[in-house]
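I set out below what I looked up in this structure, entry by entry.

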Amino acid sequence: MSSKVLETIGLTKYFYEPTKFKVLDNITMSVDHGEFVSIVGKSGCGKSTLLYLLSTMDTDYEGQVLIHEELVTGQSDIDLARIRNEKIGFVFQFHYLLSEYTVLKNVMLPGLKLQQYSEAEIEHRAMDHLKTLGMQDQALKMPNQLSGGQKQRVAIARALINDPLIIMGDEPTGNLDKKNSDLVFDIFKELTQEHNQTLLVVTHDADFAGRTNRIITMEDGKIIS
Amino acid sequence: MNYRLILNIAVHLLRARLKQTVVAAVGVTFGIAMFITLLGFMNGLNDLLDGLMLNRTPHVRLYNEIKPAENQPVNLSDDYKNATNFITSIKPKDRGKAIYNSKTIIRILKEDKRVVDVAPKVTTPVFFNSGTIEISGIINGISVAAEEELFKFSDYVTEGNIADLEQNNSIIIGSGLAKKMMLAKGDIIKVTTPKGNLASLKIVGISQIGIAEIDDVMSTTSLSTAQKFLGEPTNYITDIQLKLHDINLAPQLAKEFGTKFGIDAIDYQTANSQFETGSNVRSIISYSVGIVLLIVAGFGIYNILNMMIYEKMDSIAILKATGFSGNDVKWIFITLSLIIGLAGGFLGLIFGFAFSSIIDTIPFETSSLPTIKTYPINYNPMYYVIGITFALFTTAVAGLLPALKASKIDPVEIIRGK
Ligand SMILES: Nc1ncnc2c1ncn2[C@@H]1O[C@H](COP(=O)(O)OP(=O)(O)OP(=O)(O)O)[C@@H](O)[C@H]1O
Ligand SMILES: [Mg+2]
């Protein structure tokens with residue numbers, strides 16, 4: 001397996017509303033396999049915007065994004081959806097669980113979409129992930145019956161279901177108290193250490209960032225260190 | 001694309017909004033049920049009226065019309081061949097009402113594959129005598145078996161049995177005539193023919209067609225009885241009536257037989273053109289009412305899907321973020337609306353059938369239609385096929401716009417908004 005999981009070359013993005021301004025300025029960076037990287041910076045410096053470009057959901061930019069040394073810039077909507085499904089796991093500040101499905105089914109959905117395994121197997125794997133996250137007892141509950149920290153753990157399990165190359169998080173602990181964010185951090189740490197999972201997490205929490213392998217600091221759309 | 005998963009998601013979204021879903025489906029159900037009921041009822045009426053006419057009118061009728069000779073003598077003259085000839089005061093030529101060579105014509109027609117059956121007939125105006133009064137009328141001498149086959153004449157015989165016509169000198173008289181002349185089955189009626197022949201016929205039945213003008217004048221006897229009292233030989237036939245396998249061929253065949261046998265021919269469509277118009281208007285009414293109802297139902301579906309998409313923005317965003325393409329999302333919502341259409345439409349068919357059956361049991365008795373006891377309904381399965389097709393079509397169209405809208409939702413915008 002190649003060591004470079006994610007790479008950007010000269011990423012530049014503009015917003016045109018209300019006036020034209022450069023949110024991201026010539027960003028070149030890469031993340032290696034098994035790394036736990038955090039992105040920090042002042043509010044409004046463009047962290048989220050960068051993450052959306054890396055996630056392939058936002059395609060309106062200049063420069064190139066490569067995932068696993070494959071150029072994703074310019075690929076079709078369907079291909080990008082497949083790449084997200086297969087190679088990227090997301091954890092956002094908000095959990096985005098589907099209220100119509102049980103916790104277990106929510107975790108299974110991306111797996112059912114990928115169809116790499118049979119439904120029974122996907123269910124089994126989903127249960128395993130929930131178990132690692134200490135959520136196996138909640139598997140058959142509906143999302144609205146869970147606490148905020150529990151929902152976030154379910155979202156992490158969902159991000160893991162297809163064994164993604166990289167998990168991206170945008171302030172995944174932003175809505176959680178100290179105890180719960182420590183818990184989420186420990187989960188992330190365990191994933192990198194024991195499963196060699198690559199992680200790229202935007203955070204405001206200096207404490208959280210300080211405990212990661214590498215910190216990328218941004219200011220006004222540029223990487224400064 | 002994984003249809004099972006898409007269907008599963010669609011069903012879950014529907015279940016979460018069960019009330020609205022039911023309201024939308026009921027809209028479709030109502031539209032389809034009305035469509036089926038109206039179409040069945042209107043066409044039932046059409047059939048009834050068609051039957052009324054069809055049963056009295058042959059698909060093709062061959063006869064001799066009293067009219068001027070087509071080839072006037074001057075046209076035969078070589079001297080005036082290239083001239084334009086004006087002829088005035090032409091009088092019609094009486095070729096006699098009898099069809100020349102009728103036996104041969106009937107034989108040839110019976111062999112024709114396009115013809116179901118042939119019914120020869122003798123029609124003659126007569127006077128019915130009752131005491132001192134004379135009432136003018138018409139006697140049809142029919143071939144009983146053929147007439148029954150073509151026109152179901154027995155349906156219109158309210159008293160007596162048509163088989164009794166086979167007896168010599170028997171007659172079935174119209175109900176209006178019987179009333180006027182105070183005659184009943186078993187009585188003897190005296191008849192005077194145009195040539196002055198007198199005959200006494202025994203009444204073996206009363207007929208009621210349902211059209212007063214006909215019931216007041218028409219009586220029926222057998223072919224041989226009619227020929228006998230007219231003093232004509234057994235090849236004396238005034239009308240040859242045909243029933244065809246395909247009624248749509250009638251105009252064409254009328255023309256063909258007319259030229260072939262040198263005789264006048266009229267087809268069903270020409271004889272009943274005004275009835276066709278009525279039938280068409282009724283069909284158009286039922287189709288347009290059904291379509292209008294379905295369009296209304298379509299708007300209902302459109303609204304509900306739009307609302308659902310608005311409510312489910314987050315879900316759509318995360319589905320897209322986790323690997324569902326715009327196309328998948330579009331199909332989720334199209335499937336949603338098709339489920340509403342299918343469920344609503346199917347129920348609509350059931351209700352439509354139920355309403356039709358209820359109407360079918362409502363008594364509808366009128367003296368002019370002796371065989372009809374309840375409102376007529378046509379249960380043509382084609383209406384049900386059209387109904388469900390309409391339902392699916394409207395819901396698919398109504399679902400398409402919201403579905404396209406959902407497929408274009410930009411997940412970044414939603415996620416950034418939180
Ligand atoms: N859709 C948009 N149109 C115009 N400007 C935008 C849009 N979205 C974001 N911006 C601007 O782009 C800049 C970067 O936004 P972004 O969300 O990436 O910041 P961030 O670093 O994630 O901040 P925070 O830490 O507060 O989440 C901000 O100044 C913001 O106002
Ligand atoms: Mg942000």
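**Backbone entries**

I located Q115(A) in the loop between helix 3 (103-114) and helix 4 (119-132) of chain A; helices (H or I, at least four residues) and strands (E, at least two) are DSSP runs, numbered from the N terminus. The phi of Q115(A) is near 60 degrees, a positive value in a residue other than glycine.

I note that the model is predicted, that local features need pLDDT of at least 70 and side-chain atom pairs pLDDT 80 or more, and that totals for chains, interfaces and linings use all residues. Residues are numbered from 1 along each chain as its sequence is written, chains are lettered from A and ligands numbered from 1 in the order in which they are written, and side-chain values use heavy atoms, with hydrogens and water left out.

I then turned to E171(A), which is not a glycine but has a positive phi of about 50 degrees. E171(A) is found in the loop between strand 7 (166-170) and helix 6 (178-195) of chain A.

I checked the peptide bond joining E17(A) and P18(A) and found it cis, with omega about -10 degrees. P18(A) is in the loop between strand 1 (4-15) and strand 2 of chain A.

**Ligand site**

Which residues come nearest to ligand 1? Of the 14 around it, they are S43(A), G44(A), K47(A), S48(A) and T49(A), where a residue counts as near if one of its heavy atoms lies within 4 Å. The site is shared between chains, because residues from chains A and B surround ligand 1.

I listed polar contacts (pairs of N or O atoms within 3.5 Å). A polar side-chain atom of T49(A) lies 2.4 Å from an oxygen atom of ligand 1, and one of K47(A) lies 2.6 Å from an oxygen atom of the ligand. For C45(A), a polar backbone atom is 3.3 Å from a ligand oxygen atom.

I recorded the shell as four nonpolar, six polar (Gly is counted here) and four charged residues (Asp, Glu, Lys and Arg). Helix 1 of chain A gives the largest share of the shell, three residues.

**Record entries**

I read in UniProt, in an unreviewed entry, the feature "domain: ABC transporter" at residues 6-224 of chain A; such annotations may be inferred rather than shown by experiment. Over residues 6-224 of chain A, the chain is 37% helix and 26% strand, and the end C-alpha atoms are 19 Å apart.

For chain B, the UniProt record (unreviewed entry) lists "transmembrane region" at residues including 21-42 and 382-404. Residues 21-42 of chain B are 100% helix, with end C-alpha atoms 31 Å apart. Residues 382-404 of chain B are 100% helix, with end C-alpha atoms 33 Å apart.

Methods:
A polar contact is a pair of N or O atoms within 3.5 Å; within protein, one must be able to donate a hydrogen and the other to accept it, and residues adjacent in sequence count only if both atoms are side-chain atoms.
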